Amino acid sequence: MKEYTTEYIRNIALVAHGGAGKTMMAEAFLHFTGATTRLGKTDDGTTISDYDEEEIRRKISLYTSVLPVEYRDHKINVLDAPGFTDFIGEMISALSVADGAVILVDSVAGMEVGTELAWNYCDQFKLPRFVVINKMDRENANFEKAYQSVEGYAQAAGARLIKVQLPLGEKLEFHGVIDLVTMKAYEGDGKTAKEIPAEYKAAAEEARTALMEAAAEGDDALMEKYFEDGELSQEEILKGLKAIVQNGAFIPVFVSAAGHAKGVGPLLNAIIDLMPNPAQRPEVVVEGKGGEEKLSASNAGPVALYVWKTTADPFVGKMTYFKILSGSVANDVHLWNQTKSADERMAGLHVQRGKEALPIKVAHAGDIACVTKLSVTVTGDTLCDKSHPITVPVPNYPRALYRVAIQPKTQADAAKISPTLTRLCEEDMTLSWYNEQSTGQTILQGMGDQHIDVVINRAQAKFQVGLVTAEPKVPYREGITRKASAQYRHKKQTGGSGQFGEVHLRIEPYSEGEFEFTDELVGMNLSRSYLPPIEKGIRAAMEQGVFAGYPMSNVKVIVYDGKEHPVDSKPVAFETAGREAFKLAVQDAGPVLFEPIMAVRVTVPDANMGDIMGDMNTRRGRVQGTEAERGNTTIIAHVPLAEMLRYTTQLRSLTGGRGHFTMEFDHYDIVPQHLAQPIVEAHKKEMEAKKED
């Protein structure tokens, strides 16, 4: 692939609700520009963008793919991002390195949940954007209805739409677009222009007037000329439009049917004419040696590469995708990974088009490229010149709240679990894992059931590690509510010397800490040298749990008496006696089970608030308050973790995908008796089954 300098580069993310046609739009771009000889289809698994086996099997995009489109001596790096909520991390990564976004809207469905999400993230990244009303050849396609659904949302979000194209026909009669800048009709893919048919003339004239008024807002001189002449030339409209698109004053609206490559050419022209090149975007604030620095996309600036995506390929090895925020990079140079403090060799510099690697010698500021086999670099890292250290801030990703417990399929898989999960989490910023000590489970956290399912399949396909999932256990804790005392004598006689130890102890609830061990020994019944083994036995009992199999905490133990034998007393005897005396005391000390209570914030559209409140009550939630903001209500509540295990999926179905929530641990509280009893019974059965084994 030939070299492209900064002003000839456009980085454009295609974002939308799942199924709005992003992948087919990217496919149509490649076909229109001659990069492919035939138009692939998502249903057939033949698109350039969705090349992963899982994507082909599911018929949806799971990962962002980069598709460089060469057109009019420019290179458009098209970032085809997934639309399903579970894979939102991929969309955020794509938008973090894009310089503009194209939001696709289904002509039948109009504004959908995924479209709103994409819109909000474009706002966060302050990205200029186009709206494309796609699939105009569908049976129930309705341009005006779809336009109004977007306009309603845009106005609420403080944005204005402006039509740049009108459809030529609709539904099965849709055969092209009317371009309001050139005032020409473009049939099919839009390679050739013709006169606007007479029946569309009046509507086109009216829409063009609105477009000229909007364009005039982009420049004071244009505004004056428009007031004087009531007309702007094609060049003047483009100049004004470019200004209003880039400053976000207006969002232009286009039409297409990407699946049949209709309206593709005019859209590509608009991307080149109206979208900013990387140098025209605001400077990026980074952390330099002496504090904050500002970077603009220029070859003359210090080298700064932001790694926005890494993937493991079984054939090629690790692939690292980066955007050059400043400076340029040549094949085989050495760069410094500032995040990991390590040297990396940039071998195999190339641009990726789907699964095809196109080698390049140099990549310029603002471009998106790829290298293979970096040793320590992961997603979110910064690569720079060692003499000019730079750290690029990582965008905020939503916290994963869908949890599953992970187990190995076979004994051979067990040893590989940790390194495999670590590598998967290095690739995906919305994935995390940890070992839950109190339950002994390995917990994997993602954005939803589909997300986790894809990760499990990826572990098998890419790393040959078999994993199975289970419901995570709730990390309950055991505790006591009152004082109690007990004593226990451990006596064992075998051939030779025996074992003897007797312990008298008292226990009480202890709110100042997890555990305190002390004694009130007087006289010579029990020597203090046996206190450490007694404590060891009690600690072991507390870790394993006394009555329900969960760790015990907030207990104070006082050893006040005991007996020893001059020959048979040994540390191990007192360890056993201490443990058993403690267990007996717990039975009389009002034992209870504590459960983790989470501080939960659920944000939903106002219309769903009643349903969510009702649902919270069924989850034993205690509502602490609400906050209202622009059509949404946030409900703040304390809810037991046991009731929140599958809330991600349930909240989506209650709100049509529009609700989202955060939760973090707040405190422990007593489990109601009627719920605690089955947990204790289940533990007893488990222990009995183990004894029988």
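**Close-up views of selected side chains**

**View 1. A lysine over a tryptophan ring.** The charged end of Lys-386 sits 4.2 Å from the centre of the Trp-336 ring, over that ring (NZ of Lys or CZ of Arg within 6 Å of the ring centre and within 35 degrees of the ring normal). The model is predicted: local features need pLDDT of at least 70, side-chain atom pairs count only at pLDDT 80 or more, and totals for chains, interfaces and linings use all residues. Residues are numbered from 1 along each chain as its sequence is written, and side-chain values use heavy atoms, leaving out hydrogens and water.

**View 2. Trp-308 and Tyr-321 form an edge-to-face pair.** By the ring rule (centres within 6.5 Å; planes under 30 degrees apart stacked, over 60 edge-to-face, the rest tilted), there are 9 aromatic pairs. Trp-308 belongs to strand β14 (residues 304–313) and Tyr-321 to strand β15, 13 residues apart. Strands are DSSP runs of E, at least two residues; helices are runs of H or I, at least four. Trp-308 is buried at 1% relative accessible area (buried is under 20%, exposed over 50%, partly exposed in between; 1.4 Å probe, protein chains only). Tyr-321 is buried too, at 4%. Lys-309 lies over the face of Tyr-321, 5.6 Å from the ring centre.

**View 3. Tyr-647 and Phe-661 pair edge-to-face.** Their centres are 5.0 Å apart, with 80° between the planes. Tyr-647 lies in helix α16 (residues 647–655) and Phe-661 in strand β36 (residues 660–670), so the pair ties together parts 14 residues apart in sequence. Tyr-647 is buried at 0%, and Phe-661 is buried at 9%.

Technical notes
Rings of Phe, Tyr and Trp (its six-membered ring) pair if their centres lie within 6.5 Å; planes under 30 degrees apart count as stacked, over 60 as edge-to-face and the rest as tilted.
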